[in-house]
Amino acid sequence: MDELVEKLAELEHDQWVEWSKSVAGEVSESRLSRWEHYWVGYAELSEEVKEQDRIWARKAVKIFEENA
């Protein structure tokens, strides 16, 4: 289960990077500056930041389990 959560968390991060880059021109400079710090691969993130992606991954796993 942990491996699945990590794979989904990495996918969530990749999705967020793509989305945030697509709307980057619409946000404030301060927000953009914060976001750019996280435009790195999942493996490069701190555990604290990875945990934010894991929260969403666990939600996806729960949906998969409930609908299996």
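Student: Why is W35 called buried?

Tutor: Its relative accessible area is 12%, and buried means under 20%, exposed over 50% and partly exposed in between, with a 1.4 Å probe and protein chains only, so W35 counts as buried. This is a predicted model, in which local features need pLDDT of at least 70 and side-chain atom pairs count only at pLDDT 80 or more, while totals for chains, interfaces and linings use all residues. Residues are numbered from 1 along each chain as its sequence is written, and side-chain values use heavy atoms, with hydrogens and water left out.

Student: What makes W19 and W35 a tilted pair?

Tutor: Rings of Phe, Tyr and Trp (its six-membered ring) pair if their centres lie within 6.5 Å, and planes under 30 degrees apart count as stacked, over 60 as edge-to-face and the rest as tilted. The centres of W19 and W35 are 5.4 Å apart and their planes are at 55°, so the pair is tilted. The two residues stand 16 apart in the chain, W19 in helix 1 and W35 in helix 2, a helix being a DSSP run of H or I with at least four residues, numbered from the N terminus. W19 itself is partly exposed, because its relative accessible area is 41%.

Student: How many aromatic pairs are there by this rule, and what makes W16 and W35 edge-to-face?

Tutor: The count comes to two. W16 and W35 lie 5.9 Å centre to centre with 80° between the planes, and because over 60 degrees counts as edge-to-face, that name applies. W16 belongs to helix 1 (residues 2–22) and W35 to helix 2 (residues 29–36), 19 residues apart. W16, W19 and W35 form one aromatic cluster.

Student: How do you know that the charged end of K59 sits over the ring of W56?

Tutor: The distance to the ring centre is 4.0 Å, and the rule asks for NZ of Lys or CZ of Arg within 6 Å of the centre and within 35 degrees of the ring normal. K50 likewise lies over the face of Y42, at 5.2 Å from the ring centre.

Student: Is H13 buried or exposed?

Tutor: H13, found in helix 1, counts as buried, because its relative accessibility is 3%. Leaving aside neighbours within four places in sequence, H13 is in contact (heavy atoms within 4.5 Å) with Y38, V40, G41, Y42, L45 and D53.
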